[in-house]
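Here's a quick briefing on how a few pieces of this fold pack together. Have a look at the model first, then go through the notes.

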Amino acid sequence: MSSYQRKTPIKSDCSIEKALHVISGKWKPAILSGLLKNNLRLRDIEKGLPEASKRALTQQLKEMIDDGLIQKEDFNQFPKKTEYSITDLGIQLSPVFKSLTAFGDLLK
């Protein structure tokens, strides 16, 4: 199985394109919104997004880890516990998400 491969490279001189690339994804905005409020386990994310497949969520979580927006911590216990949290870079999205929420509230 192969993952999506972008057909055109991201323009390194376009900050908006770079920003949209890391937050674009069907479930990324919802996941990031949740993580801006609390650390979450995969089952919490799945509960909040019941229409999303586990595969899609884990893929988007991996992409956001690779992009430095979130981090994953595995706890050394049984049963296994894994928790996702926002990074300092991801916290920079907080005012962006607040502005997007305010804009969305204006739309009909």
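His21, Val22 and Ile23 of H1 meet Lys28, Pro29 and Leu32 of H2, where contact means heavy atoms within 4.5 Å. This is a predicted model, so local features need pLDDT of at least 70 and side-chain atom pairs pLDDT 80 or more, while totals for chains, interfaces and linings use all residues. Residues are numbered from 1 along each chain as its sequence is written, and side-chain values use heavy atoms, with hydrogens and water left out.

**H1 against H2**
- By class, the contact of H1 with H2 has four nonpolar, one polar and one charged residues.
- The two axes, lines fitted to C-alpha atoms over the stretch in contact, come within 9 Å and cross at roughly 85°.
- H1 and H2 are therefore roughly perpendicular, a label for angles of 65 to 115 degrees.

**The loop between them**
- Lys26 sits in the loop between H1 (15–23) and H2 (28–37); helices here are DSSP runs of H or I with at least four residues, and strands are runs of E with at least two.
- Lys26 counts as exposed because its relative accessibility is 66% (exposed is over 50%, buried under 20%, with a 1.4 Å probe and protein chains only).
- Lys26 and Leu57 are 31 residues apart in sequence, yet 9.3 Å apart in space, C-alpha to C-alpha.

**The nonpolar core**
- The largest nonpolar core has 20 residues, and Leu57 and Leu69 are among those that touch the most other members (a core joins buried nonpolar residues through side-chain atoms within 4.5 Å).
- H1, H2, H3 (42–48), H4 (54–66) and strand S2 (81–86) each supply at least two residues of this core.

Conventions
Axes are lines fitted to C-alpha atoms, for helices over the stretch in contact, and angles run from 0 to 180 degrees between N-to-C directions. Angles under 35 degrees count as roughly parallel, over 145 as roughly antiparallel, 65 to 115 as roughly perpendicular and the rest as oblique. Ala, Val, Leu, Ile, Met, Phe, Trp, Tyr, Cys and Pro count as nonpolar, Asp, Glu, Lys and Arg as charged, and the others, Gly among them, as polar.
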